Amino acid sequence: MLAELKGLNEECGIFGIWGHPDAAQITYYGLHSLQHRGQEGAGIVVSNGEKLKAHKGEGLVTEVFAGGQIEDLKGKAAIGHVRYATAGGGGIENVQPLLFHSQVGGLAIAHNGNLVNANDLKHQLEHQGSIFQTTSDTEVLAHLTRRSGYTKIHDRVKNALTMLKGAYAFILMTEKKMMVALDPNGLRPLSLGRLGDAYVVASETCAFDVVGADYIRDVEPGEFLIINDEGIHSEFFSRNTNRAICSMEYIYFSRPDSDIGGINIHTARKSLGKKLAHEAVIEADVVTGVPDSSMSAAIGFAEASGIPYELGLIKNRYVGRTFIQPSQSLREQGVKMKLSPVRGVVEGKRVVMVDDSIVRGTTSRRIVSMLREAGATEVHVRISSPPIKNPCFYGIDTSTHEELIASSHSVEEMRKIIGADSLVFLSEQGLVDAIGRDDEGEYRGQCMACFTGKYPTDIYPDTVLPHEKA
Ligand code: SF4
């Protein structure tokens, strides 16, 4: 599904490289490949060994660096960030990497995720005299780091990390070193790679392919990497870990050419589609997927069901981004502009429409009705994930309970609302089995909280949801 139509948005993508003469340029390409994770702001901070220099702005990576600013970012280490923010949120001060200067030097921070105790910590820090420059939860780490009693910067950062709760993949950089940290649940993806003598870190492995780096491994939950001119050093700031990688990364967010935990995203989505075909047998003439993220699941569904896969829906790639449009009626218009049914494929046919998820239901209703208008005799909707009933506190903007159709409606009620002849969601067990991670535990290393309501961390009463950030 098209992210901007669905009301389901990734918060950020991060990239870092240490030890390459073209560090900023490579980071630019890395960020470009992570653009699907956030389109509202982008930034790069570079280190030349003496000082840190930043350029950032609102918009796409290509827009932010359209004026040749990359040429001015000289140095052999860089970190970068792409950011998503809902309408009204954001602002240039919240575009990352955040850069802080003190008497002992600079500290740049790029963060993917959402801290569930940020408000608690912020109140405490303000009480102790901290003044915040942004409304981003990320800044809490900078203040905690500054206040830590340890001498060395990496000890101060490690100490600060132990106070954070929630989801965080961090890349931090001083003039002399890069530091990488992943929360004890490993909620957000983060991988380590190598490009010649340089080390690279990225939210998704697709960024490695783009810059020609080799994948080494995923960063472990609770792990803390220090990378400098001497090489790489791994330690753990927490051993109290319990892997719960976001299931939606497999289902929807990550690029199909990325791997998480050694599992290719396209392959995982195909398996979800196959599992769904076994769980929800149907007689039909064609299977079609909603572009782009549901195509893999639709192919899997077709393979397992024996019903031919066809391109029943086409995405218009040249429509401007519409997700800043606030009203539902405008969003519905956006669907028409962005997707078209292929009449020659669906006319007179019983169509299985595979989608990866239903958030508000508005988009599904529009697509079902478009398929009918194009002559489909039946439209059977198959969703390659369980119903999303709960909000995400970990960096995915899944809307509130009130906006999530599945939180207040049965499957049959949803079927009627979207106007489908039948509607079936993949089961929770089917999701876990289809992805096939080999971790132990009920969900085999996946976070399933938006389906089950079982959150892998404590949730604080005043946790700020991503879309509520000012
Ligand atoms: S609650 Fe859902 S969207 Fe959020 S991290 Fe967990 S699986 Fe991902």
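Is Tyr-394 buried or exposed, and what is its relative accessible area? Tyr-394 is buried, with a relative accessible area of 2%, where buried denotes under 20%, exposed over 50% and partly exposed the range in between (1.4 Å probe, protein chains only). The model is predicted, so that local features require pLDDT of at least 70 and side-chain atom pairs pLDDT 80 or more, while totals for chains, interfaces and linings use all residues. Residues are numbered from 1 along each chain as its sequence is written, and side-chain values use heavy atoms, with hydrogens and water left out.

Tyr-394 belongs to the shell around the ligand, which also includes Arg-188, Cys-246, Ser-247 and Met-248; a residue is near the molecule if one of its heavy atoms lies within 4 Å of it. By class, the shell has eight nonpolar, one polar and one charged residues, with Ala, Val, Leu, Ile, Met, Phe, Trp, Tyr, Cys and Pro taken as nonpolar, Asp, Glu, Lys and Arg as charged, and the others, Gly among them, as polar. At least two shell residues come from each of helix H8 (247-253) and helix H17 (449-452); helices (H or I, at least four residues) and strands (E, at least two) are DSSP runs, numbered from the N terminus.

The structure holds 19 salt bridges, each defined by a side-chain nitrogen of Lys or Arg within 4 Å of a carboxyl oxygen of Asp or Glu. In one of them, Glu-204 and Arg-37 bring their closest N and O atoms to 2.6 Å. This pair links distant parts of the chain, 167 residues apart: Glu-204 lies in the loop between strand S11 (198-202) and helix H7 (206-211), and Arg-37 in the loop between helix H2 (23-33) and strand S3 (41-47). Both Glu-204 and Arg-37 are buried. A network of salt bridges links Arg-37, Arg-188, Glu-204 and Glu-249. Asp-257 and Arg-255 also form a salt bridge (2.7 Å, N to O); Asp-257 is partly exposed at 36%, as is Arg-255 at 25%.

Seven aromatic pairs are found in the whole structure, a pair being rings of Phe, Tyr and Trp (its six-membered ring) with centres within 6.5 Å, stacked when the planes are under 30 degrees apart, edge-to-face over 60 and tilted for the rest. The ring centres of Tyr-28 and Phe-65 are 6.0 Å apart and the planes stand at 90 degrees, so this pair is edge-to-face. Tyr-28 is buried at 16% relative accessible area, and Phe-65 is buried at 6%. Tyr-394 and Tyr-455 likewise form an edge-to-face pair, because their planes meet at 65 degrees, with centres 6.2 Å apart.
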